[in-house]
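Subject: Structure handover

Hello,

Here is the structure I promised to pass on. Please open it and keep it beside you as you read.

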Amino acid sequence: MKKLFRNIIGFSCSFLLMTGIGGCNHFLDLLPENSQTSDMYWNNKEDVEAVVLSLYKGMQGCLEQYVEWGELRGDALALSDKATQNEQNIVDLQIHADNGICSWTNLYKVIGRANSVLKYAPEVLEKDPTFMPEVLNSYLAEAKFARALSYYYLVRTFQEVPLVTEPYVNDSEPFMKEKSVEAEIMEQIFSDLTSVINTIKPGYGTVIQNKGRATKWAALALLADVSLWNGRYQECIDACDQIFATNSYQLAEKDEWFEIFWPGNSSESIFELQWGTGNGGTNNLPVWFYTTPRYVISQTTLELFTKGRETDARGTDVTYVGDNNKVWKYIGNRPYYSSDAQRSGNSRYGNWIFYRLPEIYFMKAEALVMLKNNAEGFQEAFDLVKIIRERAGFTIHPAVPDNQKDALDLILNERLCEFVGEGKRWFDILRVAHRDDYKYKDMLIELLLKNISAKFRPIYIQKLQDPRGYYLPIAQREIDANSGILTQNPYYVED
């Protein structure tokens, strides 16, 4: 752990110039370099802006974690023969602390940069008379958003992690920190988000920055998400309603489906990581999902798209290729069977979408089901889900659910079809399973047992009664570096 927090942030940057907050389309083309952990670096507003923008560059470095942590143990995707051994071990429940997927280093790099902005940026007001307090407050809000988002991924993946809110400054001493419980981390996330809603910018003036930087609407989407996770259902609904009320986002038409992913920044996009010329180059989404795919569409997903349903505009040869079950949405620019359907040499410039408008509909629907748990709530939730189904081309819909479990199943199934490969399915299942003292944990256990042979299933059924097994172990190298201060998830401690 001492290596994790050592030199995690600190920058010396000679220059980063933007033509005003909203005047530069390629807002990631110049970033801080080298390393300096003291406060001597922070001299003017350009220095502050440089580190703020580097938060998004840091998030790009987390892309593999966003995919693996959000999908591997879910059932929307299956592993192909190109999957790594570490990925196969996670799916097979052969999970050990030396598995590289358990590394949280990239997430803590983002947290370290955010903490640095929060500590040192206010001091620049006294050094740079052109640095306005309202600009400072917007930068601090972006930093808190990035920290909250990173901790939200960590708490859903590990449950208990070190809660670090100060930058690492002194390289001569190790930074050691024990774990905090889930409730404490979640309160920090809520504190960060609720404190910035009125100071974070609603927009920046260009589409790329409106979609690629944290805005008020991105913060509300994240707040709705963490509220839903934590059982604050009315707060989730309120946050969703604020997003609806802005009228800044519209669902893409079904024949515009590919534009959501290519070129991206669609009418329904709320927050997505930007790639492309000047915005951090390329990513591996087309490789992981199509060229030499680690992941293919699962049987569960195939059945949802085809069994007893009308043709789904998101389905065969759109989200996935019917002939080989490869994920098409990250490499196609039109249906698979069309001429020139595959993207050109720019295929690896596609963005990673954190939040888009359909998720706001689904989150509000789920919150209504949980909050009301009655016929009125089920109908209201159904009406929201129906909007997304109709966008997908459906004219026939299932009956309105008459109980909470069926209503949740309806929402989860439609979420799966909408968000295949977008890093959400495992977190969706875990969110539902973990609430109300793991009331619905049987659905999660059944999912985890899909790849376990009948011979060993009774053993794992018993082991997985312990909810700590739904989270990953802390990487052993972090445990070893902390001399007993950082302790392992007890589920992974051998008797």
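This is a predicted model: local features need pLDDT of at least 70, side-chain atom pairs count only at pLDDT 80 or more; totals for chains, interfaces and linings use all residues.

Aromatic pairs
The count comes to 24 aromatic pairs. One of them joins Tyr66 and Phe354. Their ring centres are 5.1 Å apart. Now find the two residues along the chain. Tyr66 is in helix H3, residues 63–71. Phe354 is in strand S4, residues 352–356. They are 288 residues apart, so this pair links distant parts of the chain. Both Tyr66 and Phe354 are buried.

Next, look at Phe131 and Tyr139. This aromatic pair is tilted, with 35° between the planes. The centres lie 6.2 Å apart. Phe131 and Tyr139 are both buried as well.

A cluster, and a charge
Ring pairs also build a cluster. Its members are Tyr66, Phe145, Tyr153, Phe271, Phe354 and Phe427. Which residue has its charged end over the ring of Phe427? Arg156 does, at 4.0 Å from the ring centre. The charged end of Arg156 also sits over the ring of Tyr152, 3.8 Å from its centre.

Helix H3
Back to the helix that holds Tyr66. Why is H3 largely enclosed by the rest of the structure? Because eight of its nine residues are buried. Among them are Leu63, Tyr66, Val67 and Trp69. Gln65, Glu68, Gly70 and Glu71 are buried too.

Best wishes

Definitions and conventions
Residues are numbered from 1 along each chain as its sequence is written. Side-chain values use heavy atoms; hydrogens and water are left out. Rings of Phe, Tyr and Trp (its six-membered ring) pair if their centres lie within 6.5 Å; planes under 30 degrees apart count as stacked, over 60 as edge-to-face and the rest as tilted. Helices (H or I, at least four residues) and strands (E, at least two) are DSSP runs, numbered from the N terminus. Buried means under 20% relative accessible area, exposed over 50%, partly exposed in between (1.4 Å probe, protein chains only). A charge sits over a ring if NZ of Lys or CZ of Arg is within 6 Å of the ring centre and within 35 degrees of the ring normal.
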